[in-house]
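Subject: Structure handover and notes

Hello,

Here is the structure for your set. My notes follow below it.

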Amino acid sequence: MQTSNCGYGLVKQLVSQKKENDLKQCFSLILQDLLSDRFDAYFFSKKCCHIKAQIEFQFTVHASGVMHQEEYDAYLKLFKNAIHELPEHIKLLKQSTRTLFFAKTDIHPLGGLIITNKAHKEGKVLLTDKEEGLILHLLDVYFLQMQLLHNSSIDPLSQLLNRQSFEQKLTEIMHSEGRFQQKNLDQEQHWFLAILDIDHFKQVNDTFGHVIGDEVIVLVSQLLKSHFRFDDLLFRYGGEEFAILFMTDNAEQAWKVLDRARELVANTRFPQVANVTMSIGFIQVGDDYQLSELVNKADMALYHSKDNGRNQVTDYQQLNIVQHAVSGSDIELF
């Protein structure tokens, strides 16, 4: 590839990607095209999500395939040390056998590459100045696009995923083989959908005003973030309603997870409002439902919780409901 005249085209390819998976795949192909003939390229990025600020390093070998555990550990240590010691203005660090590239904000590194010679990883890495500049630019564009895609999926008040993301994520789960995954040789984990609603929220708004109501939504969102795991998907479904997609062993374990979340909210003192409770309904995700039908059944379980005293969790499968409309439901379906 002639890097002297292809930079604009490569950047245009990245900017045109509107989905995270497509962006990652495009970036990977560009790196392979640029480097695989001469170099091994090890990519890493911060693994952050809307739930927690957990940071992990994910290495992808773009040129040579398999990375052994010892090599992985050595590079992981190298990156961590380099990030810790890296001056704020440095984005490129050359060493005797490798070149390190970092994409970063003014103070926070986002990710980067280790480039090493393909042949035995010995000798000095010989990237041209144009190649180095292009790689840094591509890294910056990649992470900027990732941030833009992330921002478009987030509800600005709660900082949870938004309603549009909910439909997309649930559709992906329902139409993929990822509806369950192997935890070990004897046990699978399954996806569950829960819908949560703050009890008597209209009364909170009427009594204390919408500013305090917004504060309640923010604090509930923070409590849910603190309770659920890094890979769980939390959404602001609309108004005072939330949706959660999470994996666990079975319905009994799902009920326990949700009931602990309910208890956490109920035991928290909210400024001015004092106490707030939540009603919850949930169902196991399966391919025998349409998306709107699955949401409606979780909604039925939610309203069973509300109609029977609120501040409780209901599993749809334990209701033995014959198909019917739930009266009084104001949750908008698709």
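In which loop does His 200 lie? His 200 is in the loop between strand 7 (187-198) and helix 6 (201-208). Helices (H or I, at least four residues) and strands (E, at least two) are DSSP runs, numbered from the N terminus.

First, the ground rules. This is a predicted model, in which local features need pLDDT of at least 70, side-chain atom pairs count only at pLDDT 80 or more, and totals for chains, interfaces and linings use all residues. Residues are numbered from 1 along each chain as its sequence is written, and side-chain values use heavy atoms, with hydrogens and water left out.

Overall picture

The protein chain has nine helices and 11 strands. Of its 334 residues, 47% are buried. Buried means under 20% relative accessible area, exposed means over 50%, and partly exposed is in between (1.4 Å probe, protein chains only). Take the contacts between residues at least 6 apart in sequence: 65% of them join residues at least 24 apart. Contact means heavy atoms within 4.5 Å.

Backbone: two positive phi values

Most residues other than glycine have a negative phi. His 200 has a positive phi of about 55° and is not a glycine. His 200 is partly exposed, with a relative accessible area of 44%. Gln 159 is not a glycine either, and has a positive phi of about 65°. Gln 159 sits in the loop between helix 4 and helix 5. Its relative accessible area is 40%, so Gln 159 is partly exposed.

Two packed helices are described by the angle between their axes and the distance between the axes. Axes here are lines fitted to C-alpha atoms, for helices over the stretch in contact, and angles run from 0 to 180 degrees between N-to-C directions.

Start with helix 4. The axes of helix 1 (residues 7-15) and helix 4 (residues 129-152) come within 9 Å and cross at roughly 15°. That makes helix 1 roughly parallel to helix 4. The cut-offs: under 35 degrees is roughly parallel, over 145 roughly antiparallel, 65 to 115 roughly perpendicular, and the rest oblique. On the helix 1 side, the contact uses Gly 7, Leu 10, Val 11, Leu 14 and Val 15. On the helix 4 side, it uses Leu 134, His 137, Leu 138, Val 141, Tyr 142 and Gln 145. These residues divide into eight nonpolar, three polar and no charged. Ala, Val, Leu, Ile, Met, Phe, Trp, Tyr, Cys and Pro count as nonpolar, Asp, Glu, Lys and Arg as charged, and the others, Gly among them, as polar.

Now helix 2. Helix 1 and helix 2 (residues 20-35) pack at an angle of about 160°, with their axes 9 Å apart. The two are therefore roughly antiparallel to each other. Leu 10, Gln 13 and Leu 14 of helix 1 meet Leu 23, Cys 26, Phe 27, Ile 30 and Leu 34 of helix 2.

Val 141 is worth a look. Val 141 is in helix 4 and is buried, with a relative accessible area of 10%. Not counting residues up to four places away in sequence, Val 141 touches Val 11, Leu 14 and Val 15. Val 141 and Phe 27 are 114 residues apart in sequence, and their C-alpha atoms are 9.9 Å apart.

Aromatics

The structure holds seven aromatic pairs. Rings of Phe, Tyr and Trp (its six-membered ring) pair if their centres lie within 6.5 Å; planes under 30 degrees apart are stacked, over 60 edge-to-face, and the rest tilted. The rings of Tyr 142 and Phe 143 have centres 5.0 Å apart and planes at 80°, so the pair is edge-to-face. Both residues are buried. Phe 192, Phe 228, Phe 246 and Phe 282 form one aromatic cluster.

Two loop residues

Asn 162 lies in the loop between helix 4 and helix 5 (163-174). At 10% relative accessibility, Asn 162 counts as buried. Beyond four places in sequence, Asn 162 touches Ser 152, Ser 153, Ile 154, Asp 155, Phe 235 and Arg 236.

Pro 271 lies in the loop between helix 8 (251-266) and strand 10 (278-284). At 53% relative accessibility, Pro 271 counts as exposed. Leaving aside neighbours within four places in sequence, Pro 271 is in contact with Ile 212 and Leu 219. The C-alpha atoms of Pro 271 and Ile 212 are separated by 8.4 Å.

Best wishes
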